[in-house]
Amino acid sequence: MSTATRGAFADHFSAVAAQYADARPEYSDALYAWIAAHAPGRALAWEAGCGSGQASRGLARHFDRVFATDPSAAQLAQASAPANVAFAVEPGERCSLPDASADAVCVAQALHWFDRDAFFAECARVLRPGGVLVAWGYQDIVVPEPLAAANAALQDAIRPYWPRERALIDEAYASFAWPFAPLAAPVRDLRELRVEWTLPRLLGYFASYSASKRCREATGEDPVAAHAPAFAAAWGDPDIARPLHWPLFVHARRKETRAAMDDTRRPG
């Protein structure tokens, strides 16, 4: 059984849904192109744990239809995407798609919240033969050297307030019991997630952390506001955009093709 509790929904983001939608970084289009190129078709992708639709929008450029689900209605209320994306309030462990209907199942920065045994069983049901499961995430932000001390102080302040599932991001999902056969994950231009942000944008990102929310609730103080002066002193003009990046990891698996499934069923 996975670390998530069966039947439970640990809702860390509904209370900061608006901040999350505004603050989270977008992923490279090269990742979505890679997923589409390795899927058996481009008719349908399911994104589980879609949040406010960051990855849904990217997948919509490469698949005819995207079915994007999240158990948080507050998160989906902040979601936006093209007309070929349908959003639904559904958990990753149970979705309303028919059997063998999806060419790809994708999870962006969310799989650590799932009951993975149940979710992987749902992937086996929903994916068509040869379909791909791709899950990815990003780790701690890397800031320019002048900001390093301020960032380290903020991260130290909120570290005790991260949910335990955060450790799974730190390990890049290395301990997961993945289903299906592995695909060589994309590497070119995808080892890092890179942006150029202003200071208000960065502080908004920090405010969207579940740990920042839990710290505010536990202490009555806003850790981002408390550390903002140190960032401002190191940043200079807050409207100047500065480079930031995160280490990115990708896991990709392929469900057996119909021919392989038939071979395993033949008597020896």
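This is a predicted model: local features need pLDDT of at least 70, side-chain atom pairs count only at pLDDT 80 or more; totals for chains, interfaces and linings use all residues.
Residues are numbered from 1 along each chain as its sequence is written, and side-chain values use heavy atoms, with hydrogens and water left out.

The overall picture comes first. The secondary structure of the chain comes to eleven helices and eight strands; here helices (H or I, at least four residues) and strands (E, at least two) are DSSP runs, numbered from the N terminus. Of the 268 residues of the chain, 51% count as buried. Buried means under 20% relative accessible area, exposed means over 50%, and partly exposed lies in between (1.4 Å probe, protein chains only). Contact means heavy atoms within 4.5 Å. Among contacts between residues at least 6 apart in sequence, 79% join residues at least 24 apart.

Helix H6 (residues 148–158) and helix H10 (residues 223–235) pack at an angle of about 165°, and their axes are 9 Å apart. That angle makes H6 roughly antiparallel to H10. For reading such values, axes are lines fitted to C-alpha atoms, for helices over the stretch in contact, and angles run from 0 to 180 degrees between N-to-C directions. Angles under 35 degrees count as roughly parallel, over 145 as roughly antiparallel, 65 to 115 as roughly perpendicular and the rest as oblique. The crossing of H6 and H10 is right-handed, a term for a near helix turned clockwise from the far one by less than a right angle, with anticlockwise giving left-handed. On the H6 side, the contact is made by Ala150, Asn151, Ala153, Leu154, Ala157 and Ile158, and H10 contributes Pro223, Val224, His227, Ala230 and Phe231. By class, this contact has nine nonpolar, two polar and no charged residues. In this scheme Ala, Val, Leu, Ile, Met, Phe, Trp, Tyr, Cys and Pro count as nonpolar, Asp, Glu, Lys and Arg as charged, and the others, Gly among them, as polar.

Alanine 150 is placed in helix H6 and counts as buried, at 8% relative accessibility. Leaving aside residues up to four places away in sequence, alanine 150 touches Ala230 and Phe231. Alanine 150 and proline 229 are 79 residues apart in sequence, yet 8.9 Å apart in space, C-alpha to C-alpha.

Helix H9 is also worth a look. In H9 (residues 210–219), Ser210, Ala211, Ser212, Lys213 and Cys215 are buried. What covers these buried residues includes H6, helix H8 (199–207) and H10. After H9 comes glycine 220, whose phi is positive, near 80°.

Charged side chains come next. A search of the whole structure finds ten salt bridges, a salt bridge being a side-chain nitrogen of Lys or Arg within 4 Å of a carboxyl oxygen of Asp or Glu. In one of them, arginine 125 pairs with glutamate 122, with the closest N and O atoms 2.8 Å apart. These two residues are three apart in helix H5 (residues 116–126), and so are separated by about one helical turn. Arginine 125 is partly exposed at 25% relative accessibility, whereas glutamate 122 is buried at 10%. Asp99, Glu122 and Arg125 are linked in a network of salt bridges. Glutamate 122 also touches Trp46, Gly92, Glu93, Arg94 and Cys95, not counting residues up to four places away in sequence.

Another salt bridge joins aspartate 140 and arginine 166, whose closest N and O atoms are 2.0 Å apart. Aspartate 140 lies in the loop between strand E5 (127–138) and H6, and arginine 166 in helix H7 (residues 166–170), so the pair ties together parts that are 26 residues apart in sequence. Aspartate 140 is partly exposed at 40% relative accessibility, and arginine 166 is buried at 14%.

Finally, arginine 194 forms a salt bridge with glutamate 192, the closest N and O atoms being 2.5 Å apart. Arginine 194 is exposed, with a relative accessible area of 55%, and glutamate 192 is partly exposed at 31%.
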